[in-house]
Amino acid sequence: MNRILIIAPNWIGDAVMSQPLLASLKAIYPHSQIDVLASTWVAPIYRACTEVHQVIEARLEHKQLQWSTRKQLAKQLELNLYNACFVLPNSLKSALIPWLANIPLRIGYRGEMRFGLINFALDNPSKTNRPPMVNHYLALSNAMDYSQDMDTNQSASPQLNISPKAKQSVSTKLQAAGIYTKLIYVLCPGAEYGVSKRWPTEHFTTLAQQLILNQPEAHVILLGSKGDQVLGEDIQTKAGHAQQIHNWCGNTSLDEAIALIGMSTALVSNDSGLMHIGAALKVPQVAIFGSSDPQHTPPLSDKAQVIWLNLPCSPCHKRECPLGHLKCLKDIFPATVLSTIQKQT
């Protein structure tokens with residue numbers, strides 16, 4: 001195959017976990033050109049993948065059909081004469097563009113009534129026996145090899161690269177904020193899914209204070225989306241140390257966030273897209289899990305340490321604690337996280 005199109009997932013973490021698929025396809029088809037159609041939200045992830053020739057950004061909204069937009073995109077993509085398309089989301093609408101673009105091989109998992117739109121479909125694993133997401137995507141690379149069965153146990157660790165432009169942009173921001181030390185801890189208090197994935201802000205506050213008290217030359221940067229700005233403000237205000245604790249939530253692009261995490265001493269996050277970025281950059285990190293399952297979406301790095309209490313009610317996969325106590329996160333204490341960081345660094 002000379003030209004391959006990837007329809008990207010819509011979540012940052014899922015996008016990171018799809019990188020081993022790209023690497024596998026490049027190994028199988030070394031002379032192929034791999035392009036990725038991605039929303040503006042996840043496009044920076046694919047710009048950090050060396051296997052990608054071109055990232056085609058599309059303003060496709062979540063849960064919106066946008067029929068005319070998809071038709072227009074398909075018309076443009078048809079000119080590229082792709083041999084195959086790997087459709088990573090399970091939705092019907094994600095399979096429309098490659099079908100409209102007349103791409104002959106359209107590969108993905110069965111889902112949401114898209115028979116015919118996907119003409120080479122794999123069975124989705126059961127919800128009770130799901131492989132890690134990285135393996136789920138990676139299995140697609142063998143989809144057209146009739147000589148072997150699908151190996152859902154195959155595994156690989158995602159790898160991202162920091163662009164020089166983003167690194168320079170972050171260096172400029174650090175200087176503007178008066179941060180000249182290389183001792184930078186990045187804390188990510190947000191998680192798009194909901195409260196049941198977020199370690200309490202009071203715990204993040206205590207951790208930030210302890211990091212500064214233990215290492216007075218250190219700086220702590222709070223990182224996240226615009227939706228996390230309030231969380232960052234709460235932590236920054238309550239923690240004090242105004243010259244050393246910085247709320248950058250909503251004030252960096254994703255390209256810059258990738259660069260900052262890659263430059264950090266250590267990363268502490270919830271189960272989030274930024275967690276997977278940290279793992280792909282192989283920085284020391286502590287990943288805090290509550291309602292989600294670290295067997296399904298772990299940070300794939302030997303420098304990552306997961307903290308999960310594995311309570312009888314976990315993983316519930318709910319956006320809010322159905323029992324109202326959120327013990328799965330509240331009972332992970334800052335001292336435990338601090339000790340884990342110290343062992344990691």
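Two strands pair if DSSP finds at least two bridges between them. Strands (E, at least two residues) and helices (H or I, at least four) are DSSP runs, numbered from the N terminus. The views below come from a predicted model, where local features need pLDDT of at least 70, side-chain atom pairs count only at pLDDT 80 or more, and totals for chains, interfaces and linings use all residues. Residues are numbered from 1 along each chain as its sequence is written, and side-chain values use heavy atoms, with hydrogens and water left out.

**View 1. Strand S4 and its partners.** Let's start with S4, residues 84–87. Strand S1 (residues 3–7) runs parallel to S4, and four bridges join them; here Ile 4 stands opposite Ala 84. S4 also pairs with strand S5 (residues 105–109), again in the parallel sense and over four bridges. The bridge partner of Ala 84 in S5 is Leu 105.

**View 2. The two faces of S4.** Are the side faces of S4 buried or exposed? Both are covered: Ala 84 and Phe 86 on one side, and Cys 85 and Val 87 on the other, are all buried (under 20% relative accessible area, with a 1.4 Å probe and protein chains only).

**View 3. A six-stranded open sheet.** Follow the order S9-S8-S7-S10-S11-S12, with parallel pairing. Strands S9 (245–247) and S12 (304–307) are the edges, each pairing on one side only. Neighbouring strands are turned by 15° against each other on average, direction ignored (axes are lines fitted to C-alpha atoms, for helices over the stretch in contact, and angles run from 0 to 180 degrees between N-to-C directions).

**View 4. Inside the sheet.** Strands S10 (residues 266–270) and S11 (residues 285–288) pair in the parallel sense over four bridges. Look for Ser 269, whose bridge partner in S11 is Ala 287.

Notes. Buried < 20%, exposed > 50% of the residue type's maximum accessible area, 1.4 Å probe, protein only.
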